[in-house]
Amino acid sequence: MHVSVVLFTADLRLHDHPPLRAACDGGGRVVPLFVRDRAVDAAGFAVPNRLAFLADCLRDLDAGLRARGGRLVVRSGDVVEEVCRVAAEADADEVHMAADVSAYARAREGRLRRALEGAGRRLHVHETVTTVVPPGAVTPAASDHFAVFTPYLRQWSRLSPRPVLAAPRALRVPDGVRSGPLPDRAALAGSAGLSPGLARGGEAEGRRRLAAWLRGPVARYEDRHDDLAGDATSRLSPHLHFGTLSPGEVVHRARRAGGPGAESFVRQLAWRDFHRQLLAARPAVSTADYRTRHDRWRTGPGAEADAAAWRAGRTGFPLVDAGLRQLRHEGWMHNRARLLTASFLTKTLYVDWRVGARHFLSLLVDGDVANNQLNWQWVAGTGTDSRPHRVLNPVVQARRYDPDGAYVRRWVPELAGASGRAVHEPWTLPDRERAGLGYPAPVIGLAEGLARFREARGLT
Ligand code: FAD
């Protein structure tokens, strides 16, 4: 009897899953496997918000497999050793898994291939599982990757994602393969860093959200995606990060929904692939500047105190603080707030983008090396933005994207009763009124921050 192992990584779903489909089409028995990877834990990526979401995803995946006659095998430890051990226990001929882009994922693939081949087994690595278009599938004439989004998008948009694969109807797991316990979100209750408003994970939940999004709200995405209080984006990012939704299926279904809102939404998905093709070509950008601006970021007690105020959402700039408090409460932040909070840290406070990226990764449920590090670099001006020295002004941003202050009032309770201009500029209130709010004074004057940044970048 032919036996295959399917290693699930960032693709925790049954629908549109080429490795699972290939294993099932082989006609033999299949071992669906997830390994809680010790190296991911050791690198600090296993933070409570993502672990809780992951627990939901694994339980849902197990339920989906059981409904089809199978089950999920869960192990923990060194991923290569565990896959080899399971393959030996099941007497498997081959292992299927998805390609991924980080330096770690590629090293893992190489190690796994060598270990399996040494034991007489094959490794099949499938593309277009975690991206719509594989990294390297579209390249400019003179380089191995695109450094500018617009020409990338032009080529990306011409390609159609491969047809969506149905979930398998049935599968059988060979006897004798033991599994560790499924993780449980409840076990994380009370952990520091677990956000009380964290979304639910799992493929069923992802598909429900996608269907609801495409049934209505997507139509207004183009006009409303920057409306902070309107919450008018899909919130599908954690599902795309954990692969409970297939990015290719999302694109197919959004294109079928049609209209300017859906088109604009699909363009956002191209950013995901754009950052992945960049990380695949230049793995060092997860920690090093893609384009150095020779920054000598602030360090020392003053910078540390500013960064601490920023992390706590107590900078004294209401829209910045609202974003950071949303992050802490939900493990997610609106894109417009991510842009502003990142600009404020790197440009107004002139603190290293890596400090902010680390904080985001400690909380974001969608926290992702490619998207997080490269968006941080984009904002800091060390990445692919064609206007690397632009500085977002929190008051101007507030007037534009939170005109009646509803987003600030939701996340900054000290300002819940503030009216008119005071909600975004509490420093304009008379001293006595301001003192009664219990809200901090600004950590810096905006003009001062701008002047320091311009000088640091040699723009004066
Ligand atoms: P929608 O507006 O509904 O967009 C649909 C999908 O498109 C998103 O789910 C996401 O997968 C993709 N997308 C949208 N914008 C971007 C973008 N700028 N870059 C890459 N993909 C995008 N996104 C992450 O998934 N993980 C991160 O760790 C992450 N860190 C970020 C850090 C900073 C400093 C900034 C400015 C942005 C970051 N983003 C990150 C991108 C973006 O903010 C989120 O993808 C988006 O807010 C998720 O919400 P949504 O699903 O409602 O997005």
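Reader: How far apart are the end C-alpha atoms of residues 2-131?
Author: Keep in mind that this is a predicted model. UniProt, in an unreviewed entry, lists residues 2-131 as "domain: Photolyase/cryptochrome alpha/beta". The span is 46% helix and 23% strand. Its end C-alpha atoms are separated by 29 Å.

Reader: OK, on to the ligand. Which helix gives the most to the shell around the ligand?
Author: The ligand has 28 residues around it, and Thr233, Ser234, Ser237, Asn372 and Asn375 are the closest. Helices H9 (237-242), H11 (260-281), H14 (335-348) and H16 (369-380) each bring at least two residues to that shell. The top contributor, with six residues, is H11.

Reader: And how many residues of that shell are charged?
Author: Sort the shell by class and you get eleven nonpolar and twelve polar residues. That leaves the charged group, which numbers five.

Reader: Are H11 and H16 roughly parallel or roughly perpendicular to each other?
Author: The two helices pack with their axes 9 Å apart. The angle between them is about 90°. Anything from 65 to 115 degrees falls in one class, so H11 and H16 count as roughly perpendicular.

Reader: Which residues in H16 does H11 meet?
Author: By class, the contact of H11 with H16 holds five nonpolar, two polar and two charged residues. From H11 come Arg272, His275, Arg276, Leu278 and Leu279. Across from them in H16 sit Val369, Ala370, Asn371 and Leu374.

Note on methods: Residues are numbered from 1 along each chain as its sequence is written. This is a predicted model: local features need pLDDT of at least 70, side-chain atom pairs count only at pLDDT 80 or more; totals for chains, interfaces and linings use all residues. A residue is near a molecule or strand if its C-beta atom, placed from the backbone, lies within 6 Å of it. Helices (H or I, at least four residues) and strands (E, at least two) are DSSP runs, numbered from the N terminus. Ala, Val, Leu, Ile, Met, Phe, Trp, Tyr, Cys and Pro count as nonpolar, Asp, Glu, Lys and Arg as charged, and the others, Gly among them, as polar. UniProt positions are given in the numbering used here, feature names are shortened, and annotations may be inferred rather than shown by experiment. Axes are lines fitted to C-alpha atoms, for helices over the stretch in contact, and angles run from 0 to 180 degrees between N-to-C directions. Angles under 35 degrees count as roughly parallel, over 145 as roughly antiparallel, 65 to 115 as roughly perpendicular and the rest as oblique. Two residues are in contact if their C-beta atoms, placed from the backbone, lie within 7 Å.
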